[in-house]
Amino acid sequence: MNEIYIGKALDIGEQMLRTGGEVSRVEDTIARLLFRYDFKKVNVFTITSQIQITAEDNNGKVYSQFRRIDRWGTDLERLEELNQFSRDVCDGKADLIEDFVLEKKETQARKYKTYIGAILAAGGFTMFFGGSIADALITAVLAVIITFFKRFNLLINENVLLGDFIISVMTGFVGNILVLLGNRLHLGLNLDKILIGCIMLSIPGIAITHSVRDMLLGETITGLLRFTESLFTAASIASGFILISFVFGGLSV
């Protein structure tokens with residue numbers, strides 16, 4: 001039974017890392033959950049790609065498990081759900097084994113909110129940087145494309161950086177075509193403002209912020225790993241847009 005408790009605690013920690021939780025929060029949550037089930041000594045080590053637990057029960061038996069984390073993202077709503085569930089377990093309002101749901105089914109309302117949020121964010125950045133309403137509408141179309149591929153993890157199962165690059169190239173291609181057609185209709189579209197909105201939607205800003213905070217809190221290894229990965233992700237996204245812009249440069253400017 002103790003192995004099951006540790007496994008469930010690892011499941012929660014893994015989900016928290018995958019949804020953007022910082023390592024200190026993951027370590028604290030796992031430790032509190034295991035203390036709730038009468039483990040007397042718990043050590044948790046977490047980096048962005050791995051969680052390792054060593055726990056000792058009341059009989060002096062030591063258990064050790066670890067979990068490999070292959071990718072992460074940002075889902076603050078799911079992260080809050082995991083936090084609340086952990087609090088309920090510690091308060092005795094929920095059971096770690098019986099009540100935890102590993103994969104929560106996505107509702108139709110949440111799907112709509114994801115797309116609407118992406119449209120508002122990307123379109124808002126386009127207008128903030130000087131784009132027109134027409135530019136924002138084109139950006140909204142591209143935001144839907146980006147969100148569609150990212151929601152279903154299409155093209156990024158094997159290599160996340162390559163997947164981000166391909167998505168950027170595809171989005172830039174569609175954007176250049178739409179701008180080319182729009183300018184032939186004398187809409188006065190601005191490609192740079194449109195691509196800025198798309199890049200701001202894709203860039204891992206929260207991850208970079210978390211990495212700096214981790215380093216300031218003494219989690220140097222985790223902070224450097226997350227920061228380096230975020231920089232590579234940002235470079236992959238930007239290079240995709242730049243490449244396709246050079247290809248179409250003579251047509252859409």
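Strands 2 and 3 run antiparallel and are joined by seven bridges. Two strands count as paired if DSSP finds at least two bridges between them. Helices (H or I, at least four residues) and strands (E, at least two) are DSSP runs, numbered from the N terminus. This is a predicted model, in which local features need pLDDT of at least 70 and side-chain atom pairs count only at pLDDT 80 or more, while totals for chains, interfaces and linings use all residues. Residues are numbered from 1 along each chain as its sequence is written, and side-chain values use heavy atoms, with hydrogens and water left out.

Stay with this strand pair. Ala 55 stands opposite Tyr 63 in strand 3. Gln 50 stands opposite Arg 68, also in strand 3. The hairpin of strand 2 and strand 3 has five residues between the strands. In this hairpin, Gly 60 takes a positive phi near 85°.

Strand 2 has another partner. Seven bridges join strand 1 to strand 2, and these two run antiparallel. Here the hairpin passes through two residues. Phe 45 stands opposite Gln 52 in strand 2.

Now the interior. In soluble globular proteins, nonpolar side chains tend to be buried together. A nonpolar core is a set of buried Ala, Val, Leu, Ile, Met, Phe, Trp, Tyr and Cys residues joined through side-chain atoms within 4.5 Å. Buried means under 20% relative accessible area, exposed over 50%, and partly exposed in between (1.4 Å probe, protein chains only). The largest core has 29 residues. Those with the most contacts inside it are Ile 6, Ile 30, Leu 34, Phe 39, Ile 51, Ile 53 and Leu 96. The elements giving two or more residues to this core are helix 1 (2-18), helix 2 (23-36), strand 1 (41-47), strand 2 (50-56) and helix 3 (76-90). Helix 1 supplies the largest share, seven residues.

Leu 34 shows how the packing reaches along the chain. Leaving aside neighbours within four places in sequence, Leu 34 is in contact (heavy atoms within 4.5 Å) with Tyr 5, Ile 6, Ala 9, Phe 39, Val 42, Ile 53 and Ala 55. There is also a second, separate core of 13 residues, which includes Ile 138, Ile 146, Ile 167 and Leu 189.

Next come the aromatic rings. A pair of aromatic rings is described by the distance of the centres and the angle of the planes. Rings of Phe, Tyr and Trp (its six-membered ring) pair if their centres lie within 6.5 Å; planes under 30 degrees apart count as stacked, over 60 as edge-to-face and the rest as tilted. The count comes to five aromatic pairs. The rings of Phe 39 and Tyr 63 have centres 6.2 Å apart and planes at 80°, so this pair is edge-to-face. The pair links distant parts of the chain, 24 residues apart. Phe 39 lies in the loop between helix 2 and strand 1, and Tyr 63 lies in strand 3 (residues 62-68). Both Phe 39 and Tyr 63 are buried.

Phe 125 and Phe 129 pair with centres 6.5 Å apart and planes at 25°, so they are stacked. Phe 125 is partly exposed at 31% relative accessibility, and Phe 129 is partly exposed at 36%. Ring pairs link Phe 125, Phe 128 and Phe 129 into a cluster.

Charges remain. A salt bridge is a side-chain nitrogen of Lys or Arg within 4 Å of a carboxyl oxygen of Asp or Glu. The whole structure has twelve salt bridges. Arg 25 forms one with Glu 22, the closest N and O atoms being 3.3 Å apart. Arg 25 is partly exposed, at 29%, whereas Glu 22 is buried, at 10%.

Lys 40 forms a salt bridge with Glu 56, with the closest N and O atoms 3.5 Å apart. Lys 40 lies in the loop between helix 2 and strand 1, Glu 56 in strand 2, 16 residues apart. Glu 77 and Lys 113 form another, at 4.0 Å between the closest N and O atoms. Glu 77 is in helix 3 and Lys 113 in helix 4 (residues 108-128), so the pair ties together parts 36 residues apart in sequence. Glu 77 is partly exposed at 37%; Lys 113 is exposed at 51%. Finally, salt bridges that share partners join Asp 11, Glu 14, Arg 18 and Arg 67 into one network.
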